[in-house]
Structure formats: C-alpha cells, structure tokens
Amino acid sequence: MTSRVAAPDTAADIALREVLDRCERRGFVVVAGAGSGKTTSLVKALDHVAVSRGPRLRARTQQVACITYTSVAAEEIAADVGHNPLVSVSTIHSFLWSLIRPFQRDIRAYVIRKLEAKAEEIASKQDSYPKGTQRRTIEKDAGDLQRLRRQIEAAVSVEKFQYGYGIDYGTGSLGHGDVMKIGTELIIGKPLLAQIAAQQYPYIFVDESQDTFAEVVKALKHIYTQDVGGICLGFFGDPMQQIYQRGVGAIELEPGWDRIQKPENFRSSRRVLQIVNQVRSKADGLIQVPGRKPSEQREGECFVFVLPADERRTESLNQARRWLSQHSTNGAWTPGTDIEDDGAKILIIMHRMAAARLGFLQLFSAFHDYRDNALKDAFDDGTAWPLRPFDELILPLCAPENEGSPAMVSVLRDHIDRELAVPGADPRTVLATTRAAVSQIKSTMMAGGADSVGKVLRLAAKYGLYNPDPRFSIILDPDSVDDDDAPASPVQATLKAFAACDTRQLENYYSYIHQQSPYSTQHGTKGSEFSKVLVILDDEEASRFTLYSYEKLFGIKDLSARDLEHQASGKDSVLERTRRLLYVCVSRAVESLAIVIFAHDIEAAKAAVETDLLIDGKALTLANISLGG
C-alpha cells in the first residue's frame, strides 16, 4: 500500500467514493486547488475502484483507464497504485493510439487525405505564381510536390502504421499530432470505436483536466454519451492552474454530473497561503484552507520588492537576494557551491528570460522565432526530435564522467557491431575509425563556436554513429537545399538556425531542462514545490510574450482595446491568463515566498501591489534594501 493510498481521507475523498459506489455510473469533476493533494485523491479513487470492482473487472477483462499529461506523471501514478494490472495509466497520446491502432484502414485514409491536401495546395499555387517569382521557388515547389506524390504512393502500400517520435508517412511513422487528430476524429465518427472504448474501460479518469485538449474532452464525453450509465467518466484538475492556451480550462458539467471541490492546501505556510488566496480571490473565489492541523501549520514569510526596470536589473535582483539571505528566517537565497544547494527556486514567466540569463538564447531563438513552428513546445519540455542525437548519444559520449561507463561502452559496441556486420569489414579499421570519430566529435563540441551544432551532427552522421532523421537533410547536406532566398518551412528554418548554434549552449540548455538551474518557468514547475520561491515579474523583458502582463493585472497599465473586447465577449483575456500564471507561481512555495516586480513607475507599482497583493505589510524598494531596512 502506497503512502498516497494510505493518506487520511478528506471530505472530497469521501464524497468521491460515494459517487463511485453508486449503482448508476455517472460523470464527475474534481476541482482541487494547488497543494490540495489532487493526485492523492486520484490515486485513492483508482485504488478504490480496483479493489471494490476488481472481481467484476477481471471477469470481463476490463480496466480502469487513467489519462495523464506526461509519461513521468503516468509512471508516478502507476507506481502509487502498485502497478496494478487492473489500472491502465498512460498519456493521452498513448491512450488514443491504443484505441485506434487496430483501425489501420482508417489511419491510412487519414494519411493519404493529409498528403493529398498538401499536394493540392502546392498544385494550386503553381497555377497562379505572381509575376517575378524566383526560379528557385518554382523548382522547390515542384520538388515538394514530387516528394508528396511519392509519399502518397508509399502510404498506399504501408502494411502497418506505427506511432513514434519522428514523422515519415512513407514508412508508416506517425507523430503526436497525427494520433491526436485521428483518435478524436475516429472516436466521434465511428460508433464502433466509442463502443469498444466504453466496453474496455468502464471507468475513465483524466488527470490535469484543465490542460487537456478541448477535442479530447469532447471525444471522451462522446464515449460517455454512447453508454450513459455504462461508464464512469471523471476529470481531476483546477481551472486556475491552466497554463497552456490549447487546454480546455474548466470542464463543463453534463446533466446529472457531480462537482467535488477540494479546498485544502497541505503545502504552503500561513503567510504564503494568504498570498495564494489573494491572487485567486478575484478569479473563481475559491478560498483555500490549511490542510494541516493548527499545531502543524507553519507561519512562513513573504516579501514583495518593487525594483526599477532599467539596465541594472540583474544587479538589483542580486541585491534583493542578498538582502533576503540576511533577513529571511529560511537561510540563503543565493546559490551555494553545491549544485543541490541552489538557494531559492527562481520562477519567471517564460523560457526566453532564463535562456538569456543562462547562456542558451541563440538555441532558444532557433526553436521559437519562426511562426507556426510545431517544435516550440517540444523544445520547452526537452523532447524536440532534432535534439535527440545530442541528448541520447553525443552529449553522453562527450561527458568526462561517462568515459568508459557501461552505457557508453554499450553504445559504441552497438555501433561497432553494425559496422562489422558489413561484408568485408576489418575489425581493426572499424575500431580505429570509431575512436577517431569520438575524438573528433569531442574536440568539436569543446571548441564550440558558430555552426558547431551542424558540424557535430555532420561528423556523427559521417561516421555512422546515429541514423539521421530524413528531415536532417537541410543540415547534413546544405548544398542540396535552396539558399536563403528561397522560402523555407518553419521546421526547415528552425533546423538551419539550430545548425548555426554553438554546441556549448546545449549543456546550459539541458542543465536548465533537467532542473539543475535555479531558474524555472511557471509552465515547467506546475505540480512541483520548493521551500523558497522567488518570482520575477517583468513585462518589458517578456515583451515578446504579449499574452501576459503583470502591469495590466495590477492596474499599473491600462488595458488595450483588444483586452477590453475580449473581456466584454467573455473570451480569455490577458488578466485571466496572467492571474493563472501568477497563481501557479506563488503556490509553489512551501515556507518562504518573495516576489520581485520590475517597474518604471516605482511608486505606482508599489501602491498597486500593496492594494491588490499584500494583505498586510509594505512592498520594499531599492532604497529600503540599500539601507538594510
């Protein structure tokens, strides 16, 4: 029995069990604020169904489906229920793929429709080129059209489509977006698939429901409506913690559904919880209450700084951190010599701000500065496919601590075995070539400089250390691709910019992604908690991220006409988005919270945050901390 399953029941847990024990299965929505133990309630619900309905589920070869946001979260939940075979825990993509995989004919039809639509778009473009169109553009379009037609021909004869990380329709490889699109379309469009899903999973629970795609929620509700009373569909989440624009947000209740609210907060100290509630009070009005006994509730501490938004931001921030180290009751707020002793966790609104501070801004820009680039989100969570050769092979190969390690020996052995499998290969030549390849790659990685990413990828491919994705052709053979005058797709533009990056930025990037840096974004820390949290609010530095504005949230800056229009029409506006991010951010703190606001009008900003954010106390300015006040 896991600690989560054995955790004491809250009122929400008891109410949820009552819903699950009713003879008539129905839907429900659990709204659980930050630090409330949402995952604990989810795990306890999974365990309750597995235990109380176990014999019936086994007799019918059925399972309880739990859908969560990431593979890491899926593994954590599966471990909490003891890897019970009655509970199927997966990401939404894996769940959808498990349903649609048998429908190969429909998958093939989707792929062919998609390719034909792209081909038709290029063909129609060829019929109406404007005067003066460059020959290279015409030739590129002709080449793309020919490639698409070859893919269509190949897709027709693909025996079995598979779901992987790379997309290659000619060989039957589908990507994340394909699975999402096909899965939701087939569930709604094919009654048989909805019936199969309902029969296989009489209980379907969705974790982090606020960030689940709207089309996925629609598809799951469709399964429910096809077998009302036959399945139990439950959503666990918190609309205030919706941080992805594509997420559905609040789940609309269907007739007869239950809404269960979990207001406890087991994470934050009393002072931090005051700020958490103050941020949320102007949204849905949910007031969280301490989940611990009064004797166990910590007092904690909160500080708010208003600092000048000038060229000395970093110096002012460091001064505030030194002041905190001297005046806080919770130890140092600046990094120590040990990587684990990194002072406070610094939360910022976006990855670009961390990239600039930590030395991987060029790499960040390569993945973010091209419109309609599907690689942005994958880069932010460390899963972008162009990075895979570095993550899985090159960086581990070049790490001094990995030299001679079993993992590296295994990688090199596999490579050498492949080379020796070629008829006539000489073992001594293969070994010498491999050693030379590794040595050359290490030297290039260490030297860094412009285009060193491209140089390393070309070296590793030349020596056969990895099997390049076909889309890498723009990097591996630049001369075969049109020059900069020809239009490129967002992915092609990203790959060219990626190849031009300095390899030394990769180490900084992975240090950040793997949480070895004191910096994080609200997006990257949802669900995490830290003893000390320092929040940086800086509209000017995040100017490219116009979806959010702390100055507008606090009334320091007027709303635009577009903002007012969105508010009047009930659309998600800059105020709601910013408030949600701020809520996620401040609610990460366990003991101590500090908020730094950079502003041009110090007095106006100070008055605004003391009114809207602080229940008691005063905001500190540079003058206060300079005097040691």
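The structure holds 0 disulfides. It is a predicted model. The protein comprises 29 helices and 16 strands, and buried residues make up 51% of its 629 residues. Among contacts with a separation of 6 or more, 75% join residues 24 or more positions apart.

**Cysteines**

- C232 is buried, with a relative accessible area of 2%.
- C501 is likewise buried, at a relative accessible area of 0%.

**An enclosed helix, α6**

- The buried residues of α6 are I92, H93, F95, L96, W97, L99 and I100.

**Packing of α2 against α3**

- In general, two packed helices are described by the angle between their axes and the distance between the axes.
- Helix α2 (residues 11–21) packs with helix α3 (residues 38–52) at an angle of about 35°, and their axes are 10 Å apart.
- The crossing of α2 past α3 is right-handed.
- On the α2 side the contact is made by D13, L16, R17, L20 and D21, and on the α3 side by S41, K44, A45, H48 and V49.
- The residues of this contact between α2 and α3 comprise 4 nonpolar, 2 polar and 4 charged.

**Packing of α9 against α11**

- The axes of helix α9 (residues 176–189) and helix α11 cross at roughly 30° and come within 9 Å.
- That angle makes α9 roughly parallel to α11, because angles under 35 degrees count as roughly parallel.
- The crossing of α9 and α11 is left-handed.
- From α9, the residues M180, T184, I187 and I188 meet E215, V216, K218, A219, H222 and I223 of α11.
- The contact of α9 with α11 contains 6 nonpolar, 2 polar and 2 charged residues.

**Packing of α12 against α27**

- Helix α12 (residues 270–280) and helix α27 (residues 574–586) lie with their axes 9 Å apart and pack at an angle of about 165°.
- The two helices α12 and α27 are therefore roughly antiparallel to each other, since angles over 145 degrees count as roughly antiparallel.
- The crossing of α12 and α27 is left-handed.
- In α12, V272, I275, V276, V279 and R280 meet R579, L582, Y583 and V586 of α27.
- By class, this contact of α12 with α27 has 7 nonpolar residues, no polar residues and 2 charged residues.

**Two buried helix positions**

- G454 is found in helix α20, which covers residues 452–462.
- At a relative accessibility of 0%, G454 counts as buried.
- G454 and I475 are 21 residues apart in sequence, and their C-alpha atoms are 6.2 Å apart in space.
- Not counting residues up to four places away in sequence, G454 touches I475 and A499.
- Q151 has its place in helix α8, residues 135–156.
- Q151 has a relative accessibility of 17% and counts as buried, because the limit for that class is under 20%.
- Leaving aside neighbours within four places in sequence, Q151 is in contact with L115, D168 and Y169.

**Loop residues with positive phi**

- Most residues other than glycine have a negative phi.
- H83 has a phi near 50°, a positive value in a residue other than glycine.
- H83 is found in the loop between α5 (71–80) and β3 (87–91).
- At 47% relative accessibility, H83 counts as partly exposed, because exposed residues are those over 50% and buried residues those under 20%.
- E208 is not a glycine, yet its phi is also positive, at about 50°.
- The loop holding E208 lies between β6 (203–206) and α11 (214–226).
- E208 is buried, with a relative accessible area of 16%.

Key. Residues are numbered from 1 along each chain as its sequence is written. This is a predicted model: local features need pLDDT of at least 70, side-chain atom pairs count only at pLDDT 80 or more; totals for chains, interfaces and linings use all residues. Side-chain values use heavy atoms; hydrogens and water are left out. A disulfide is a pair of cysteine sulfur atoms within 2.5 Å. Buried means under 20% relative accessible area, exposed over 50%, partly exposed in between (1.4 Å probe, protein chains only). Helices (H or I, at least four residues) and strands (E, at least two) are DSSP runs, numbered from the N terminus. Axes are lines fitted to C-alpha atoms, for helices over the stretch in contact, and angles run from 0 to 180 degrees between N-to-C directions. A crossing is left-handed if the near helix is turned anticlockwise from the far one by less than a right angle, and right-handed if clockwise. Contact means heavy atoms within 4.5 Å. Ala, Val, Leu, Ile, Met, Phe, Trp, Tyr, Cys and Pro count as nonpolar, Asp, Glu, Lys and Arg as charged, and the others, Gly among them, as polar. Angles under 35 degrees count as roughly parallel, over 145 as roughly antiparallel, 65 to 115 as roughly perpendicular and the rest as oblique.
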